[in-house]
Amino acid sequence: MTRKQLLDPSHSHDELRARYATVFNPSLKSRLIAPAILVAAIGLFIFGLVDLDFSPARMMAGLHQLGWFVTLMIPPNPGSSLPAYLTAMGETLSIAVLGTTIAAVVALPVSLLAARNIVPSNIFRFPVRRFLDSIRGVDQLIWALVWINVVGLGPFAGVLAIAVSDFGAFGKLFSEAIEGADKKPVEGIRASGGSALHEIRFGLMPQVLPVIAGQVLYFIESNVRSATIIGIVGAGGIGLQLAEQIRVLEWQKVSFLILMILVTVALIDWISSRLRFAIIGKRAIA
Amino acid sequence: MPLAISTLPDQQLNALKHAYRKMVARKRRQSAVTTVVIVVVLFVAAIGADVDLRTLTAKIANFTSYFDRILTLDGGARVWTDIGEWFWGWKKWLSLLGETVLISYVGTLAGAVVAFSLNFLAAANTAPTPWLRFAVRRLLEFCRTVPSIVFALIFVIAFGLGPMAGVLAIAIHSAGALGKLFSEIVENVDMKPVEGVRATGASWIACMRFAVLPQTMAGFASYTLLRFEINVREASVMGFVGAGGIGQELVVAVRKFYYSDVSAILALIIVTVFVIDITTGWVRGHFLGRERRA
């Protein structure tokens, strides 16, 4: 079809129709599929609202209460418990740092077993990967509950909870980093007569460590966020204070604690992104 | 061919050797300092978190014995020898799991709708005015930085116990997280179609609808499914604070030492999360193209 024909409406219309039949006359099936999915999605949504007890009256009452709480939250005020909150925040930071580090140290050898270029055999790799998956499939708060049963209430349970659940995540991420590493240095080591351990130590680790360090820093950052909440089930840190103040309806303290968490998280974000830039360079992150 | 190894004159060689040694020494110093800093940080953290190695050695046995206990039925037999006895409450648990999945479905969808309506305002290339963009971005940031379980705690007090608080908490958190991801997708679109639509005299909304949306729809759907996956996990713990779902049952079982129930509920949660992960992964892979996991 020439340009002139295309620009001439009287001539081209029928021809276009014939040419792109599926665009002008889509089949019933393809025409119905999008609305059908939409209707099903909305239907399930409405069913969910009904099943989960959403009633407009309840919603209005709740929003009214919520508005009332918000007015009570202003201005944020720690009262006389500021030192206690600062200690709790320190505890939260400690939990995050320690938990993440333990997870990384334990996950490193295991991730070697889960990497395709280290363990070529599927039979060994598969169970390791599924094991990591099932650890990840359980929420951090559940791990916190389990550890509280083992070592008792307190921040130590929080450290272990973060260590275990991050172990699952690190195992996967590290093994992906290892699989992405360049083979040539490893082959060089092998050619010079190095053992398998030498290959890993001198061929692989120098490539992988900066990536891993970046990931660990990133996880410390995100764990400061999650460490603020594991206190809710009794595993130490600022979450404990927050849950308590919410339960006794001390709204000014609640808003102060939330602000404190937001500021700390922003601060940690800033510090750790600076460190990450220093370790792996700006471009690798962006 | 005779073997010839040329050596530099001593003076030049010494200078190079010296420079090499200096480099090595500097690198060693750097790693020593880093190691010391890390050790000090960990030490301080260990004190801050009340870590007591004696408790750990004394109680590590509890860890294995805890798993031993949750895998034992009241009668003393291993759980898998009598599946019927192990999953005695399966009817109740399955309906609670259904509630959990429904909480995350409704929460994710509501959050995605909010994120969808806000993200065009938050993206740099489509925001109508800078101050609106700034305000929307701060709002989204707030929504995703406050942990959803904190929202749930507050909502339980405002709306009463039950899944409603969980749904709202998940919706808010999803709106914050998805709003950011959506706006990043929008920032990466090709702007030529937008210019084309604008050239026909279309309004801002028409520009979004006919130029931006067709490019971004698959990405939006993909991220929403990913979020749904995460939210199922999150909804499984909403019950800890009374916001509905299977978590309530689990926390009761843990606190009251119904050991075999703990393992049964955990097993059900893990299987559910697996099934959801695999299904959504399959849907994403087949219908939406292989989007990179964020």
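A residue is called buried when its relative accessible area is under 20%, exposed when over 50%, and partly exposed in between (1.4 Å probe, protein chains only). The model is predicted: local features need pLDDT of at least 70, side-chain atom pairs count only at pLDDT 80 or more, and totals for chains, interfaces and linings use all residues. Residues are numbered from 1 along each chain as its sequence is written, chains are lettered from A, and side-chain values use heavy atoms, leaving out hydrogens and water.

**Exercise 1.** Determine what share of the residues in chain A is buried, and how many helices and strands chain A has.

*Solution.* Step 1: of the 286 residues in chain A, 45% are buried. Step 2: chain A has 14 helices and 0 strands, where helices (H or I, at least four residues) and strands (E, at least two) are DSSP runs numbered from the N terminus.

**Exercise 2.** Describe the interface of chain A and chain B.

*Solution.* Step 1: chain A brings 59 residues to the contact and chain B 57 residues; contact means heavy atoms within 4.5 Å. Step 2: the area buried between the two chains is about 4900 Å², with 82% from carbon and sulfur atoms; buried area is the accessible area (1.4 Å probe) that two parts lose on being put together, summed over both. Step 3: on the side of chain A that touches chain B, helix α8 (residues 140-151) gives the most, with 9 residues.
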